[in-house]
Amino acid sequence: MRKVIVTVFYNKDNNAGPKAQMDMIKFLGQQGYENWTLPFNVRSKFGKFKYAYYDLPKLFKGQEIDEVIFQYPIFSYYLVDQIIQAVRKYTHAKLFFITHDIDALRAEERSEELEHQEIRQLNKTDGVITHNQHMATWLEKKGLKVPVSTLGIFDYDNDHTLTGGHLYDRSVCFAGNLEKAPFLEKIRLTQAKLKIFGANPANVYQEGVTYVGQYTPNELLDHMDQNFGLVWDGTSLDGCNGRYGEYLKFNNPHKTSLYLSCGIPVIIWKEAALADFVEEHKVGITLNSLADLDKVLMETSADDYEIMRTNAMKLAQKLRRGEFIIRAVKTLEQEIGM
């Protein structure tokens with residue numbers, strides 16, 4: 001059985017792309033999937049026309065393929081449609097989408113037109129792999145009819161050495177674009193310690209919060225030796241708000257997988273979609289408000305932490321092997337009788 005994973009990168013280098021997509025390519029490649037990466041660097045109508053009616057047919061025509069997994073979304077709904085048409089016209093393959101994001105959910109303003117457009121495209125597949133059951137339920141309520149399987153959490157390729165137990169000192173780290181995390185400027189800690197990494201820091205942070213610097217992904221792993229990794233978004237300490245905060249109710253933030261792949265338990269908003277996963281696997285703490293962070297960590301004993309740490313270390317091995325995407329694909333294949 002011949003299987004391929006198709007990824008479109010908006011650059012000239014078809015060997016580099018976003019971390020989550022590259023990890024999918026690696027983990028599925030280890031399962032025998034051929035890697036078809038398509039660089040796309042034209043915005044002109046003529047360039048898109050050539051891509052759709054010459055490049056894609058040339059890619060798929062005459063290929064004996066049984067399964068195509070496409071990494072969705074990309075920057076052009078038109079191009080997605082053309083890829084679907086090329087797979088349908090030139091192959092007999094089953095077509096699955098891995099949804100890294102749902103545009104209608106992460107948009108600044110909800111749009112029924114965008115929802116209809118996205119659901120229409122997803123319904124042209126033979127099946128969809130999405131983040132979690134919260135996202136799957138939303139898609140089905142909006143009209144998704146094809147079979148769905150869920151990841152649970154994104155896998156994370158990480159060859160950094162997993163270290164042993166850490167001294168419990170109520171330390172927390174946060175990694176990301178700090179411009180998108182204004183809530184950090186409001187946190188004041190007297191018992192816990194928060195170290196933050198990333199670009200665009202604020203000029204001043206309050207007591208207990210220290211800006212450490214910006215590092216490459218590989219360098220960052222050498223500096224993340226805190227007890228917990230924080231997953232939060234928006235402007236408020238009392239829950240997550242705004243565009244990115246609302247999206248947390250449905251998506252699997254990739255930074256959660258970063259922390260856990262290092263064996264670091266997480267602290268996450270209690271209403272986030274991944275809070276269920278964190279509680280089920282006992283790999284962290286869920287909070288309604290970051291204003292409670294000092295109190296909660298003071299009430300968490302070293303023994304409590306060690307349980308979470310041990311579970312996170314076990315989970316890290318699974319994330320590093322790609323177990324969640326492998327299981328999600330197999331579930332979808334079984335559902336449609338492959």
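**Contacts, cores and salt bridges: a tour**

Visitor: Which residues is Phe174 in contact with, leaving aside its neighbours within four places in sequence?
Guide: In this predicted model, Phe174 is in contact with Ala181, Phe183, Leu184, Leu194, Lys195, Ile196, Phe197, Leu230, Trp232, Lys255 and Tyr259. Contact here means heavy atoms within 4.5 Å.

Visitor: Which residues have the most contacts inside the largest nonpolar core?
Guide: That core has 56 residues, and Phe174, Phe183 and Leu184 have the most contacts inside it. Helix α12 (residues 302-321) gives the most to this core, contributing five residues. Apart from it lies another core, this one of 40 residues, among them Tyr72, Ala86, Leu105 and Leu144.

Visitor: Now to charges. What makes Glu67 and Lys3 a salt bridge?
Guide: Their side chains meet at 3.9 Å, N to O. The cut-off is within 4 Å, so the pair counts as a salt bridge. The two partners sit in distant parts of the chain, with Glu67 in strand β3 (residues 67-72) and Lys3 in strand β1 (residues 3-9), 64 residues apart.

Visitor: Why is Glu67 called buried?
Guide: Buried means under 20% relative accessible area. Glu67 has 0%, so Glu67 is buried.

Visitor: And why is Lys3 called buried?
Guide: Lys3 has a relative accessible area of 17%, and the cut-off is under 20%, so Lys3 is buried.

Visitor: How do you know that Arg120 and Asp81 meet in a salt bridge?
Guide: The N to O distance is 3.3 Å, and a salt bridge needs a nitrogen within 4 Å of a carboxyl oxygen.

Visitor: Is Asp81 buried or exposed?
Guide: Asp81 is at 13% relative accessibility, so Asp81 counts as buried. Arg120, by contrast, is partly exposed, with a relative accessible area of 35%.

Visitor: What is the distance in the salt bridge of Asp126 and Arg88?
Guide: Their side chains meet at 2.9 Å, N to O. Arg88 lies in helix α3, 38 residues apart from Asp126. Arg88 has a relative accessible area of 35%, so Arg88 is partly exposed.

Visitor: Which residues do salt bridges that share partners join into one network?
Guide: Lys3, Glu67 and Glu333 are joined this way.

Visitor: Finally, why is Phe49 called partly exposed?
Guide: Phe49 stands at 48% relative accessibility; exposed means over 50% and buried under 20%, so Phe49 counts as partly exposed.

Definitions and conventions: Residues numbered from 1 in each chain as written. Predicted model: local features only at pLDDT ≥ 70, side-chain atom pairs only at ≥ 80, totals over all residues. Heavy atoms only, no water. Buried < 20%, exposed > 50% of the residue type's maximum accessible area, 1.4 Å probe, protein only. Core = buried A, V, L, I, M, F, W, Y, C linked by side-chain atoms within 4.5 Å. Helix = DSSP H or I, 4+ residues; strand = E, 2+ residues; numbered from the N terminus.
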